Amino acid sequence: MTNEGKTQAELEQEAKDCKRCQKWRDELTRDSPIVRFLLTHISLLPPPPDAPLAPLEGSQTPHLPLPITCSPCPPTMAGGYASGLGVLLCQNRFMSRKHMEDALSHELIHAWDERRFKPKRRWGEDLRAHACTEIRAENLSGDCRLGREFTRRNWAFTKQHQACVRRRAILSVAANPNCKSREEAERVVNEVFDSCFPDTRPFDEIY
Ligand SMILES: [Zn+2]
């Protein structure tokens, strides 16, 4: 990102967003049970082959098993994950720390899945693998929480929850440049749903 063409007010807002994002990130990686749990399980698996060997130059989180970076984003996204870069948190997109906790957990599930499955093709090129990790990330992160506290056993198998997971996973797969249409996204998500939805690892290890 360059600062050219931005007004003074925009630059100030950006600096404010960045500071808040970094503060929440540092609090969540220190205090959030789900974020800490996922980070621990990520650190137990070998990193993907294209992960940076040393902490990324200028990494804001050298003490964590993968970089977690705050950055401004376009309004269509809240976060992202790429093996060579780690987790991106969209600093201008979070309503609350809780919202960021859900988004960060979602991306950490992608990071854990990639380390566990070790896909041969690049992440986004295998639509079935992409659909599976989106189903799991929506299911396990709290993205589809129904206004309740985080107790997976109670809410994870209701019809409404399943519908939310399916709908959001279809949106994510449809946004993959390798996916030709919304219909294809629906088909792929439906094909893998019954095998991926019940897979709650690494969480089942503690329940
Ligand atoms: Zn996702």
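Q: Buried means under 20% relative accessible area, exposed over 50%, and partly exposed in between (1.4 Å probe, protein chains only). What share of the chain counts as buried?
A: This is a predicted model, with residues numbered from 1 along each chain as its sequence is written. Local features need pLDDT of at least 70 and side-chain atom pairs pLDDT 80 or more, while totals for chains, interfaces and linings use all residues, and side-chain values use heavy atoms, without hydrogens and water. Among the 207 residues of the chain, the buried share is 45%.

Q: In what order do the elements run from the N terminus?
A: Helices (H or I, at least four residues) and strands (E, at least two) are DSSP runs, numbered from the N terminus. The chain has seven helices and three strands. Their order is α-α-β-β-β-α-α-α-α-α.

Q: Which residues coordinate the zinc ion?
A: Donors are N, O and S atoms within 2.8 Å of the metal (3.2 Å for Na, K and Ca); water is not among the atoms, so sites may look incomplete. Here the distances run from 2.0 to 2.6 Å.

Q: What spacing do the zinc donors follow along the chain?
A: His-110 sits in helix 3 and Glu-134 in helix 4, 24 residues apart, a pair that links distant parts of the chain. Helix 3 also holds His-106. The spacing is H-x3-H-x23-E.

Q: Is the zinc site tetrahedral or irregular?
A: Four donors count as tetrahedral if all angles lie between 85 and 135 degrees; four count as square planar and six as octahedral if opposite donors are over 155 degrees apart and all others between 65 and 115; anything else is irregular. The angles among the four donor atoms here span 53 to 147°. The site is irregular.

Q: Is His-106 buried or exposed?
A: The C-alpha of His-106 lies 9.9 Å from that of Leu-38, 68 residues away along the chain. Both His-110 and Glu-134 are buried. Because its relative accessible area is 8%, His-106 too is buried.

Q: How much space lies in the largest pocket?
A: On a 1 Å grid over the protein atoms alone, a pocket is an open set of points where a 1.4 Å probe fits, with protein on both sides within 12 Å along at least five of seven lines; lining residues have an atom within 4 Å of a point. Volume is the space filled by probe spheres set on the points, which are joined across faces, edges and corners. The space is about 1000 Å³.

Q: Which element supplies the largest share of the lining of the largest pocket?
A: The lining has 35 residues, and those closest to the pocket centre are Gly-79, Gly-80, Glu-107, Glu-134 and Ser-172. Strand 2, strand 3, helix 3, helix 4 and helix 6 each supply at least two. The largest share, six residues, comes from helix 3.

Q: Is Ser-195 buried or exposed?
A: Ser-195 lies in helix 7, residues 182-196. Its C-alpha is 8.4 Å from that of Cys-132, 63 residues apart in sequence. Because its relative accessibility is 54%, Ser-195 counts as exposed.

Q: Which peptide bond is cis?
A: Pro-202 is in the segment after helix 7. Omega is near 0° for the bond from Arg-201 to Pro-202.
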